[in-house]
Amino acid sequence: MDINELTRKILDRRAQDGDALRIVQAGHPALRRRAVPARGRMDLELLCELAEAMTVTMRAAPGVGLAAPQVGLPLSFYVVEDASASEPGEDAGDDLLERRPLALRALLDPVLEPLGSQRVYAFEGCLSVDGWQSIVPRSRRVRLRAVELLSDGRLEEVDEEHVGWTARILQHETDHLAGTLCHDVSVPRSFIDAAYVEHYGDLAEAVSRLGLTGEIAELAPGEVVIG
C-alpha cells in the first residue's frame with residue numbers, strides 16, 4: 001500500500017478528528033521494519049495532519065516522543081516534546097541526567113551522529129512496551145541532521161548538537177525508525193516493571209540488587225556517566 005494511503009487509513013480509524021491514535025505494542029510488524037524516507041514521499045498537507053494527530057497521541061499517553069512506526073506507520077518521522085522537565089537546580093535527578101525543557105518538534109528523516117565517548121546510563125520506558133522499563137546506555141552528546149516540519153507547514157533543514165536527556169529522547173525515537181526498541185539495547189537483567197523503578201533511584205542499587213554486570217558496574221554511587 002502507498003504510504004499516503006496507509007497514513008490516511010490510520011488517521012481515519014479515529015472516531016473523530018482530534019482523537020488520539022492507537023499506539024501499537026511490541027509484536028506489531030511496523031515496530032520491526034526499517035522506516036521509509038518521508039521527504040518527497042508524503043503529501044505535505046497529510047504530513048501536517050499526521051504530525052498533529054501524533055502530537056495529541058504523545059501528550060495523551062503521556063510521553064516525550066512518538067515515532068510513526070508506533071502508530072503502525074513505517075515512516076521516518078517522529079514528534080518530540082518534554083514540557084515537564086524542570087529548570088536547572090529544581091530537581092537533582094533532572095540535573096544529573098541534564099534534562100531540560102524541549103519544545104514540540106516534528107522531524108523527518110533524522111540522522112544522529114554520536115559525539116565524544118561519554119555514555120549515560122538511565123532507565124527508559126517505551127509507549128510500545130507499556131508498563132516496563134530497563135536501563136539503557138546512550139551517547140551523552142549527539143549531532144542531529146534532519147528536516148523539521150515547522151508549525152506553519154514549511155520544511156527546514158536542521159543541523160544541531162544536543163546533550164543529556166534531549167539527546168536520549170532523540171536516540172530513542174531514531175532507533176524506532178530502524179526497527180529497534182530501547183529494550184533491545186538495554187543492560188541485560190535490567191528489564192523491570194515500571195512500578196519498581198522508584199526503588200532504584202541510584203543505579204548502584206540496581207547493579208547490586210539486580211545483579212548487573214559489565215560497564216555499568218563501574219559506576220560509583222550517584223554517577224550515571226562513563227567515558
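User: Which class of residue, nonpolar, polar or charged, leads the lining of the largest pocket?

Analyst: This is a predicted model, and its largest pocket holds about 530 Å³ of space. Sorting the lining by class gives seven polar residues and five charged ones. The remaining class counts ten, and that's the nonpolar one.

User: Okay, and which element gives the most to that lining of the largest pocket?

Analyst: Let's look at who contributes. β3 (102–125), β4 (132–149) and α4 each supply at least two residues of the lining. The top giver puts in five residues, and that's α4.

User: Why is α4 described as largely enclosed by the rest of the structure?

Analyst: First, picture the helix: α4 covers residues 164–177 and reaches 21 Å from its first C-alpha to its last, close to the 20 Å expected. Buried means under 20% relative accessible area. α4 is largely enclosed because the number of its 14 residues that are buried is 13.

User: How many residues line the second largest pocket, and which elements give two or more of them?

Analyst: This pocket has a volume of about 330 Å³. Its lining is made up of 19 residues, with Leu 97, Ala 122, Phe 123, Tyr 200 and Gly 201 nearest the centre. The elements giving two or more residues are α3 (92–96) and β3.

Conventions. Residues are numbered from 1 along each chain as its sequence is written. This is a predicted model: local features need pLDDT of at least 70, side-chain atom pairs count only at pLDDT 80 or more; totals for chains, interfaces and linings use all residues. Side-chain values use heavy atoms; hydrogens and water are left out. Helices (H or I, at least four residues) and strands (E, at least two) are DSSP runs, numbered from the N terminus. The expected span of a helix is 1.5 Å times one less than its number of residues. Buried means under 20% relative accessible area, exposed over 50%, partly exposed in between (1.4 Å probe, protein chains only). On a 1 Å grid over the protein atoms alone, a cavity is a set of points where a 1.4 Å probe fits but cannot get out, and a pocket is an open set with protein on both sides within 12 Å along at least five of seven lines; lining residues have an atom within 4 Å of a point. Grid points are joined across faces, edges and corners, and a volume is the space filled by probe spheres set on the points. Ala, Val, Leu, Ile, Met, Phe, Trp, Tyr, Cys and Pro count as nonpolar, Asp, Glu, Lys and Arg as charged, and the others, Gly among them, as polar.
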